Amino acid sequence: MNMQHNRIKELREDHELKQWEIAIHLNIAQNTYSNYENGVRDFPLPLLIKLSRFYHVNLEYLLGLTDYSEPLPPSNR
């Protein structure tokens with residue numbers, strides 16, 4: 001399991017959520033979410049974006065590129 005999967009699992013556990021609860025939010029099956037979280041499959045970018053918004057963290061934090069978790073300000077684009 002890489003840092004991305006570890007961070008996502010830790011965020012879920014810190015929020016005291018079950019995999020099935022996140023799977024419902026993402027509109028996917030619980031076993032599919034489990035495969036993503038456990039590193040069997042890589043998270044698709046659209047789901048990572050949804051997770052970053054759900055947990056109010058920036059995408060680079062989820063990807064393990066930074067330890068700075070605060071969401072980035074909205075762009076002007």
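I start with a definition: a salt bridge here is a side-chain nitrogen of Lys or Arg within 4 Å of a carboxyl oxygen of Asp or Glu. By this rule the count comes to two salt bridges.

Before the pairs, the ground rules. The model is predicted, so to speak of local features I need pLDDT of at least 70, and side-chain atom pairs count only at pLDDT 80 or more, while totals for chains, interfaces and linings use all residues. Residues are numbered from 1 along each chain as its sequence is written, and side-chain values use heavy atoms, with hydrogens and water left out. Helices (H or I, at least four residues) and strands (E, at least two) are DSSP runs, numbered from the N terminus.

Take D67 and R7. Their side chains meet in a salt bridge at 2.4 Å, N to O. D67 lies in the segment after α5 (59-62) and R7 in helix α1, so the pair ties together parts that are 60 residues apart in sequence. For burial I use relative accessible area: buried is under 20%, exposed over 50%, partly exposed in between, with a 1.4 Å probe and protein chains only. D67 is exposed, with a relative accessible area of 65%, whereas R7 is buried at 9%.

The other pair is R12 and E37, whose closest N and O atoms are 2.8 Å apart. This pair links distant parts of the chain, with R12 in helix α1 and E37 in helix α3, 25 residues apart. Are R12 and E37 buried or exposed? Both are buried: R12 has 8% relative accessibility and E37 has 0%.

Each partner also has a polar contact, that is, a pair of N or O atoms within 3.5 Å; within protein, one must be able to donate a hydrogen and the other to accept it, and residues adjacent in sequence count only if both atoms are side-chain atoms. The side chain of E37 makes one with the side chain of Y33, at 2.8 Å. For R12, a polar atom of the side chain lies 2.9 Å from the backbone oxygen of L17. Contact in general means heavy atoms within 4.5 Å. Leaving aside neighbours within four places in sequence, R12 is in contact with L17, K18, Q19, I22, Y33, E37 and Y55.

Now helix α2, residues 19-26. Its buried residues are Q19, I22, A23 and L26. They cover an arc of only 105° around the axis, which puts them on the same side of α2; the arc is that of the directions from the helix axis to the C-beta atoms. An α-helix has 3.6 residues a turn, so residues three or four places apart point the same way. The buried residues of α2 pack against α1 (3-14), α3 and α4 (45-55). Just after α2, N27 takes a positive phi of about 60°.

Last, the pocket. On a 1 Å grid over the protein atoms alone, a pocket is an open set of points where a 1.4 Å probe fits, with protein on both sides within 12 Å along at least five of seven lines; lining residues have an atom within 4 Å of a point. Grid points are joined across faces, edges and corners, and a volume is the space filled by probe spheres set on the points. The largest pocket has a volume of about 250 Å³. Ten residues line this pocket, and S52, R53, V57, N58 and L59 lie nearest its centre. The largest share of the lining, three residues, comes from α4.
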